[in-house]
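I set down each item in the order in which I consulted it.

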Amino acid sequence: MNCRSEVLEVSVEGRQVDEAMLALLHTILLHRSTGKFHYKKEGTYSIGTVGTQDVDCDFIDFTLVRVSSDELDRVIRKAVAEFKDALGNSGSDGMGQISLEFYQKKKSRWPFSDECIPWEVWSIKVNVVNLANEQERQICREKVGEKLGEKVINIVEVINRHEYLPKMPTQSEVYNVFDTSLKDVQPYLYKITYQITDSLGTSVSTTMRRLIKDTLAL
Amino acid sequence: MDSDLSPQDKKDLDKFIKFFALKTVQVIVQARLGEKINTCSSSSPTGSDWFNLAIKDIPEVTHEAKKALAGQLPGIGRSMCVEISLKTSEGDSMELETWCLEMNEKCDKDIKVSYTVYNRLSLLLKSLLAITRVTPAYKLSRKQGHDYVILYRIYFGDVQLTGLGEGFQTVRVGIVGTPIGTITLSCAYRTNLALMSSRQFERTGPIMGIIIDHYVERPFTNMAHMHPCSYRYEGGTYAGIEDSQEVCTTSFSTSPPSQLYSSRLSYQTPALGTVDLCHPTACTAAAHPHQMVVPGKEGGVPQVPAQPTHGTAAEHGRIPSCPTGQSPQLAPPTSCVFLCLQVHPPPSPAPSSPLQGSLHSNTSSHSGGQPQDDFVMVDFKPAFSKDDLLPMDLGTFYKEFQNPPQLASLSIDVSVQSMAEDLDSLPEKLAIYEKNIDEFDAFVDTLQ
């Protein structure tokens with residue numbers, strides 16, 4: 001099975017990075033989250049209800065829709081904040097990429113750890129621009145809002161192709177497909193990584209460090 | 001076409017399509033109310049949340065939708081449309097977008113109705129939630145209130161897109177294949193927000209633009225033909241909104257149908273392995289074939305009369321503004337409000353089916369680059385000014401004196417006078433001031 005890979009690109013002002021990333025990541029997670037599964041005897045299960053929440057952006061003319069889960073929102077915000085800090089500290093021209101990867105776990109024999117097999121990866125490439133005055137910022141607010149709208153349409157288009165999704169698991173397998181750690185919703189297993197591109201265009205290998213760290217943590 | 005579908009599957013599918021249509025209308029109308037929508041996730045299914053999504057039902061909207069459907073379902077050649085339009089306080093109106101729920105003849109015979117179709121419809125509703133916040137009408141609806149309101153109309157039958165003007169764009173929300181056809185959900189939206197005011201046309205020729213006058217009397221007092229929406233948004237809950245009375249619990253059960261409650265939707269997982277949601281299940285010898293029991297009754301909702309009229313349009317419903325959440329932008333009394341709107345639509349996805357292609361308008365202005373005359377000027381109509389005009393009316397005065405000439409003292413040619421010269425002339429000036437010091441003192445005394 002080949003992993004499906006989608007790339008989205010946005011150019012934003014520094015203060016818009018958080019909201020732009022949240023808008024796109026939450027839109028993807030809205031479609032890749034279900035209600036909590038409640039397994040009963042004999043292989044039956046019921047599914048909880050997913051609520052949604054409109055959030056107005058402060059620095060972009062855009063309203064994002066996210067899953068009503070404060071826990072999930074906190075996790076995503078933390079990842080985006082780390083990415084933004086890395087962008088700011090890199091001293092580069094403000095280019096980077098944040099990736100949201102959905103994966104399944106596959107049990108391996110001892111002594112090998114479980115394998116993580118990605119089935120969908122969304123990469124959001126960010127280019128941070130500097131603006132000279134308030135008029136440019138106002139135009140940027142509107143333009144970035146429109147751009148995010150285009151990206152949401154792109155995301156929806158990909159999702160509605162109804163390509164590969166992991167099979168619905170039995171109770172013993174659910175942890176290999178879904179993130180069951182949240183109390184109100186259940187996204188597919190995912191991980192967020194990022195890369196910062198320095199001014200020479202080469203990528204700093206923070207991703208490798210994080211991936212290794214995640215693998216060892218399993 | 002239906003020969004391979006079991007009666008139970010057909011019944012389930014009809015029910016899914018019906019409630020999908022009703023929930024689609026709710027999502028669209030609620031997204032145009034002018035407020036942010038929040039619903040809570042619940043880890044335990046409540047039994048009334050169709051498609052595992054918390055979408056509240058505004059009773060009036062459900063009523064209008066059922067009236068428009070008149071007992072029928074969206075099907076091939078029978079589309080359900082939700083038209084969103086804007087109406088100004090002066091009575092001018094304009095269609096903004098039309099959402100179309102259609103079905104084409106492309107069938108997917110192998111798809112499982114009970115879970116694959118159901119889950120894909122759920123995904124499509126999530127996409128609808130996202131897309132309704134992206135089209136241009138969303139921003140307009142968030143600013144509705146004193147100057148204009150947003151209206152909705154639900155109709156059933158042929159799609160009507162002529163009211164959207166030239167160059168309208170289409171965005172496809174998504175598709176779901178079913179054994180009886182492919183459900184398509186799309187939105188055609190206006191890009192040219194020029195409004196032909198019929199009253200101005202009589203006097204001075206066509207005036208383009210939307211005129212917003214903040215100082216008009218409270219509008220919409222005589223809206224007898226509109227449906228007042230009685231709901232209020234209070235404290236995070238909708239007073240007057242009912243949870244769907246239709247039972248839709250997606251409880252997936254392994255018991256045979258006779259042992260199941262009639263109010264539970266159920267299917268069975270094989271005893272071995274996992275259930276494949278997207279691909280045909282290879283039933284194992286140990287597993288029972290999946291069994292479906294659908295809600296046998298419709299709760300408290302009355303049955304629709306069995307004499308539908310095709311193409312019946314529900315009456316206009318007015319989506320109210322919520323003044324508590326909105327503060328109208330007030331201009332100072334002597335200023336005029338002038339709105340010039342240009343929409344930069346996101347590029348529509350390339351049409352992938354004849355159905356999609358047919359929704360594009362004949363003009364392709366979006367692909368060839370926008371003509372430069374898309375910016376339209378609104379006639380300057382200041383507040384309180386009359387149309388039968390004095391030679392120097394308020395509008396002309398304002399235009400003429402909006403850019404007064406610069407003060408002479410600020411336009412000194414700096415290259416002529418240097419700082420050294422300034423400093424040289426200072427002692428002279430000081431001497432003159434000292435000579436006239438008595439006058440200055442007398443002046444200061446008069447001020448005290």
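Predicted model: local features only at pLDDT ≥ 70, side-chain atom pairs only at ≥ 80, totals over all residues.

The entries below begin with chain A and then turn to chain B.

**Entry 1. Chain A as a whole.** I looked up the secondary structure of chain A and found four helices and ten strands. Read from the N terminus, the order of elements is β-α-β-β-β-β-β-α-β-β-α-β-β-α. Chain A has 218 residues, and 54% of them are buried. Of the contacts in chain A between residues at least 6 apart in sequence, 68% join residues at least 24 apart. The accessible surface of chain A is about 10,100 Å², and carbon and sulfur atoms account for 49% of that surface.

**Entry 2. The four-stranded sheet of chain A.** I traced an open sheet in chain A with the strand order β1-β8-β7-β10 and mixed pairing. Which strands stand at the edges? They are β1 (4-13) and β10 (190-197) of chain A; each has a single partner strand, so one side of each lacks a neighbour in the sheet. From one strand to the next, the twist averages 20°.

I next followed the pairing of β7 (residues 95-106) with β8 (residues 115-129) in chain A, which is antiparallel and runs over twelve bridges. As one position in this pairing, I recorded Leu100(A), whose bridge partner in β8(A) is Trp122(A).

Helix α2 (residues 70-89) of chain A touches β7, β8 and β10 of chain A. The direction of helix α2 of chain A makes about 15° with that of β10(A). Helix α3 (residues 134-159) of chain A touches β1 and β8 of chain A, and its direction makes about 170° with that of β1(A).

**Entry 3. The hairpin of β5 and β6 in chain A.** I found that β5 (residues 52-56) and β6 (residues 63-67) of chain A run antiparallel and are joined by five bridges. A hairpin of six residues leads from β5(A) to β6(A). Within this pairing, Val55(A) stands opposite Leu64(A) in β6(A).

**Entry 4. Salt bridges.** I counted 23 salt bridges over all chains. I examined several of them individually.

The side chains of Asp61(A) and Arg141(A) meet at 3.1 Å, N to O, in a salt bridge. Asp61(A) is in the loop between β5 and β6 of chain A, whereas Arg141(A) is in helix α3 of chain A, so this pair ties together parts 80 residues apart in sequence. Asp61(A) is partly exposed, at 22% relative accessible area.

Glu134(A) forms a salt bridge with Arg137(A), with 3.4 Å between the closest N and O atoms. These two residues are three apart in helix α3 of chain A, which means that about one helical turn separates Glu134(A) from Arg137(A). At 52% relative accessibility Glu134(A) is exposed, while Arg137(A), at 22%, is partly exposed.

Glu83(B) is in strand β1 of chain B and Arg153(B) in strand β3 (residues 148-157) of chain B, so the pair links parts of the chain that are 70 residues apart. Are these two residues buried or exposed? Both Glu83(B) and Arg153(B) are buried.

**Entry 5. Positive phi values in chain B.** I searched for residues other than glycine with a positive phi. Phe51(B) is one of them, with phi near 65°. Phe51(B) lies in the loop between α1 (7-31) and α2 (59-69) of chain B and is buried, at a relative accessible area of 0%. Ala70(B) likewise has a positive phi, of about 50°. Ala70(B) is placed in the loop between α2 and β1 (79-88) of chain B. With a relative accessible area of 11%, Ala70(B) is buried.

**Entry 6. A nonpolar surface patch in chain B.** I noted a nonpolar patch on the surface formed by Leu430(B), Ile432(B), Tyr433(B) and Phe440(B), with about 410 Å² of accessible area together. Which element contributes the largest share? Helix α8 (residues 419-435) of chain B does, with three residues. Tyr433(B) is in helix α8 of chain B and is partly exposed at 44% relative accessibility.

Key:
Residues numbered from 1 in each chain as written. Chains lettered and ligands numbered in written order. Heavy atoms only, no water. Buried < 20%, exposed > 50% of the residue type's maximum accessible area, 1.4 Å probe, protein only. Contact = heavy atoms within 4.5 Å. Areas by Shrake-Rupley, 256 points an atom, 1.4 Å probe, with all protein chains shown as cover. Patch = residues over 30% accessible without salt bridge, like charges linked within 9 Å, V, L, I, M, F, W, Y side chains within 5 Å. Salt bridge = Lys/Arg side-chain N within 4 Å of Asp/Glu carboxyl O. Pairing = 2+ DSSP bridges. Axes fitted to C-alpha atoms, helices over the stretch in contact; angles between N-to-C directions.
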